[in-house]
Amino acid sequence: MDRGGSPFTPKSLLSPRIPRTAASSRRSGILPSVKKPLGRFSLSGRSNQSVQVVFKTAYHIVESFGSQLPVLVTEALTFSDRSTAVSVHISVDGWAWFVCGRRLLIWQYKQALDAGKQRRVLSSQCQELTLPPSDLAHKADLVSVYIAEGSQVPSCIAVSPEGTVRYWPSIAHEGTSVEDNADLQGQECDSLTDIAPVGCILATTTSTIVLVQPQITGGRHSIVCRTLKTPQGWLGGIGRRMSSLIFGGLPSSQIMETKLVKVVAVAGSGFESDEWRVYVLAEQSLQKWILVPGEVERLVYEFDVNRMVREAFHETVWESSVGSLTELRTWLLDMQPVDGGLMLLVAAVNTQMSPQLHYALGKLSAENMNPPVRFSAFFPLKNTGFYRDEDEAELLSYQFLLVGPAAYVYNQRAVVAVSAMVFNEEPDNIEFLGPGDRVLGGAVCGNVAVFFSKVHGLVSVSPSDFSPHDMNSSMSFSEAPGAMDVTGSQFSEDVNISVTDVELEELTINKDGTAQMKAAFIYYIKKNLTQSEAIVSEMFPPEEEPVIDIDAALDTIAVKVSEDLVNDIPSGDPRWAEMKAPGVSIKSSSSLHILHQLEDKQKALELYISFLKDLKLWNRFSAVTSRGVVMATSYVLAEHAEKLVAIMTLRQLQANHSTVIDTAIKYVVAERPLWGLTCQDLFFREVTEVHHIIQVLSKRPQEVANVIAETNTVILAVLQEVIQFRQKKADVFCPNSPGSAGIGEYLPWTAASGKGGLRESLLLQQNVTLKYGAHSTSDSTLKNQLCDQLLHLIDIILDGRKCYLESVRGTEKFDVLLQQYETERHAIIQQFLEDEEFERAAILAEKYCDFQILIQICELTSNWERLDQYMEKFSEQDFSQFLFGWYIREQKQGKLLEQFRNIKKSRAQQHALSQFLVDHPSLSWLQDIFSGDYKQAGSTLRSLAKEESELLQRKKSILSLAKLALLASDEQRDKVEDQVQSLNADLDLVSYQEELPEVVLSSYGYDVERLRVLTPTELVKLYVCDENSTATEYDFKKALELLAFIEDEFERSELRHKVWCQAVLRDNWTDANSNSPLEVIQGMTFFRLADLMAFMGCSPDEVLPPLERMLEAQELGSLKDNSSFQYLLKVGYEHVRRTLHTDP
């Protein structure tokens, strides 16, 4: 089924290229010809770092970019679990980072411009950091890597989805980091944007903005988080209220909570070089903030951008719709900065008319202090798709990059190159269809679009020598829609205007303004500028000041002449004589061929625009009323040019898609009299009505599904006969000769790639059947037929690949091909699962042993009996082990054990589970509890407790469970008591940590909510640190008690000395009253600690440290040489010793 050029087949954003317009195809006589492939362009192989060029299309080249991927990144990509979220961020200054679980891998893919000033040692290294703990998936957009001023090694800030901020002053030192919590009240973080030296902008999914600032205080690094608040009060909120009064209010629900789309930061220049302009795009609104170091942030404005998007789509796409603007559903997808403002990628659908989803690029002027009132440019893209609620996430997943005049729109599956300057430009598609491949990120580096492919690594996409964006077409639009940049000399030589002198004179003396404007235009074509200017000056005398006047004579006449020109009757065709309108026409074409007529009209319109500009009329335009909307006159003229391009493209496609196009044309002109003409003559003459054919086509998706079903019937009938014959004659054609034994491969022509096979064709037909057939029809009978056909198509595709795989079993390539086959098999069957076609998915998954699909079916349908049947049916293929592993990967360990506890399993299944849990002790103890083996459960829990270092509460729970398990076991009492005593000691250590003041933990950057397990040494230091300002002798006593948990004798001695020194430093010894020394020392922490130690029954050696060592302790600084200190210390020692000696 040919989809290459039909404008009537609903096209997704990844639609194939269609033939170029006639205007652009004429360039082939000047430039070397480039043969265009008919199908899609795809990247579907293994990349080779030694080969620079990865792939080429007719207009773009894909090359490997930057340095080779580090080994750590390659291994993480290769061996990461499918359930583990992976993401990549590419920075413009040459650094990239990869996130896989809690692993953060950072490397330099390209040397920065000022690399000579930096140490180059990191350019070939990959640094690995550990991200903060999180219950949600980390992502690369929440990481920022930058080089601080005066530093040679990058710093890094990473934020967990819950808001835990971790800062590494140097990525070369993983162990040196500080943490803080952004206190987001349960909001989920979305992105982190660098605005050095101010800091970073942290944005949540609900559009809360937080300024994250690394700081150095007293030589210690810290991180500060501050939420940016919108101004309150009359003066503070005036900007927001004024924008609401003038440009429309924002929905109240949006003010409370709005979904974030994108944050863009633009650095200032010139006198504002230290300023950052931060734009926050939400699902309804756009905010502009200004941040300057050392100043309070300012919210410049906030306005309803969604309203502008709705109006722009209504004007450009649904101009013929009489419905309300509220019928349009619009989405803001992405935002990028451009010179003078911002470029937005947006989408819209009018479900009242059609499920066709349209995309567009719109430019906003954002440099002023007032919000824009409309788009300065708005370009609907040719790429469309059918909107369905279940496909919304995929349809709205697109982002884009801007490189000069080109825009690269991309998602995980494809990159589509379009023009951001030329309306109606054909897209160039590059798809990443290789097994397991997808686009993980993109950025612009050195004016080059760079993407990260999961298979190919970093690749650049850039125009080739024959890029459509570099070729001069006959139409050249500036940034404002409809503004054409052409000159009269460009077309005056070959324009086909056939007006006689008599007719020209008649136009000149006519009092009608439209006739006079036509006369001036014809004089311009004849290069009689004097006469042309005279007519124009008489009609529209020069004005001293511009006048804003809607539907003024100049504007309405200019639009009417343009409309007459593009809708002109072919002067050379005698069949049109009876339909000739009264008066003199310009006669823009005398050709008898429709396509040539349209080309002549295009030349004439371009020349007419030049005429308006050269005679200074263009700059005097105001606005006209079009379709009930006031539009700039230039926009209406642009619409005529755009419709010429549309109708010319339609004519070119007609040869290959005549049935669909001819039928639609008949619908459009059904009510017009023919007068001896054909339907095509009528349709292609009236250019301004070309949009009616799109409206007709958008109302006929059912017919598209019928065509697909009919095509599938033919394909399946042929191939099923082929496969039946293949199976029936397998013995006849089996290679039995000795010369063929063990060599060669079997690749059926139905599974082969390229021109000689059907692999690509069948995959394309399967995709078309799903997206434009089963997903687009509301007829249940037709949908069932299409789903059955889809099942048979997939069966044929997988059968061919399986045959080939079996033929290479035992060879070196088998493992690689097996992995590719499994990936493709899962993806192609998964489509049925997503549509809840469980039985069809089960048929294929059982036949081709896709165990993951079978498990998902049982999970989604809660059919545990079916799961048991699969465990028995596929026991020889280790289905049980795959099932257990799947539960672990999906974080459903509890569900796995619950099933085996509540449902009576066979002995073989129980044994299989026991064997599996040997390598998963965190689960095996639960199975031991269920089976009554408390001794083994306790032993496993003790081992887990020793290894636990991440969370204190978890360690406490494990220790408590281990104690309970041991007490419930049938182990000998003396052995149980010894083990319980050991567990009690570990629990005591946990208690010491729990008793630490939260203020002390917070001051050292510990997360008190998810506190990690601290070592006894760390606990001792925290108990006696200066930050523990409320510490008493009891806290110091705990510090001394903790020494018993330290095995190293030297370390224990040093820490004991440190505790006593810290006790000394707690009090003022120099200003004490020497007249009453005993009263003074009774208030000293040092001696109160000694008194407490004595009261607790400690030996005299433990009550006080050696006096000589205390008098020489360097930790006391100058205090040790103070006579008052020495006196009081000796008095205290003498008093304590006498007291201890005299006590009974």
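The following legends describe an overview and several close-up views of a predicted protein model.

**Figure 1. Overview of the predicted model****.** The protein has 1144 residues, 51% of which are buried. Its secondary structure consists of 39 helices and 32 strands. Among contacts with a separation of 6 or more, 59% are made by residues 24 or more positions apart. The accessible surface amounts to about 54,700 Å², and carbon and sulfur atoms contribute 51% of that area.

**Figure 2. The open antiparallel sheet S20-S21-S22-S23****.** Strand S20 (329-338) and S23 form the edges, each pairing on one side only. On average, neighbouring strands are turned by 20° against each other, with direction ignored. Helix H6 (residues 305-316) packs on the sheet and touches S20, strand S21 (341-349), S22 and S23. The direction of H6 makes an angle of about 105° with that of S20. In general, the strands of a sheet pair through backbone hydrogen bonds, in either a parallel or an antiparallel manner.

**Figure 3. The pairing of S22 with S23 and the loop that joins them****.** Strands S22 and S23 are paired in the antiparallel sense over 7 bridges. Asn 370 is located in the loop between strand S22 (356-365) and strand S23 (377-386). Asn 370 counts as exposed because its relative accessibility is 56%, and the cut-off for exposed residues is over 50%. The C-alpha atom of Asn 370 is separated by 9.8 Å from that of Phe 303, although the two residues are 67 residues apart along the chain.

**Figure 4. The cis peptide bond between Ala 196 and Pro 197****.** Ala 196 and Pro 197 are joined by a cis peptide bond, for which omega is about 5°. Pro 197 belongs to the loop between strand S12 (189-195) and strand S13 (199-204).

**Figure 5. Asp 551, a residue with a positive phi****.** The phi angle of Asp 551 is positive, at about 60°, although the residue is not a glycine. Asp 551 sits in the loop that lies between helix H10 (529-539) and helix H11 (553-566). With a relative accessible area of 36%, Asp 551 is partly exposed.

**Figure 6. Ser 862, in the loop between helices H22 and H23****.** Ser 862, a residue other than glycine, has a positive phi near 55°. The loop that holds Ser 862 lies between helix H22 (851-861) and helix H23 (864-873). Ser 862 is classed as partly exposed because its relative accessibility is 49%, and a residue must be over 50% to be exposed.

**Figure 7. The packing of helix H20 against H22****.** Helix H20 (residues 814-834) packs with H22 at an angle of about 15°, and the axes of the two helices are 10 Å apart. H20 is therefore roughly parallel to H22, since angles under 35 degrees are classed in this way. The crossing in which H20 passes H22 is right-handed. On the H20 side, the residues in contact are His 826, Ile 829, Gln 830 and Leu 833. These meet Gln 852, Ile 853, Gln 856, Ile 857 and Leu 860 in H22.

Definitions and conventions: Residues are numbered from 1 along each chain as its sequence is written. This is a predicted model: local features need pLDDT of at least 70, side-chain atom pairs count only at pLDDT 80 or more; totals for chains, interfaces and linings use all residues. Side-chain values use heavy atoms; hydrogens and water are left out. Helices (H or I, at least four residues) and strands (E, at least two) are DSSP runs, numbered from the N terminus. Buried means under 20% relative accessible area, exposed over 50%, partly exposed in between (1.4 Å probe, protein chains only). Contact means heavy atoms within 4.5 Å. Accessible areas come from the Shrake-Rupley method with a 1.4 Å probe; for residues, only the protein chains shown count as cover. Two strands pair if DSSP finds at least two bridges between them. Axes are lines fitted to C-alpha atoms, for helices over the stretch in contact, and angles run from 0 to 180 degrees between N-to-C directions. Angles under 35 degrees count as roughly parallel, over 145 as roughly antiparallel, 65 to 115 as roughly perpendicular and the rest as oblique. A crossing is left-handed if the near helix is turned anticlockwise from the far one by less than a right angle, and right-handed if clockwise.
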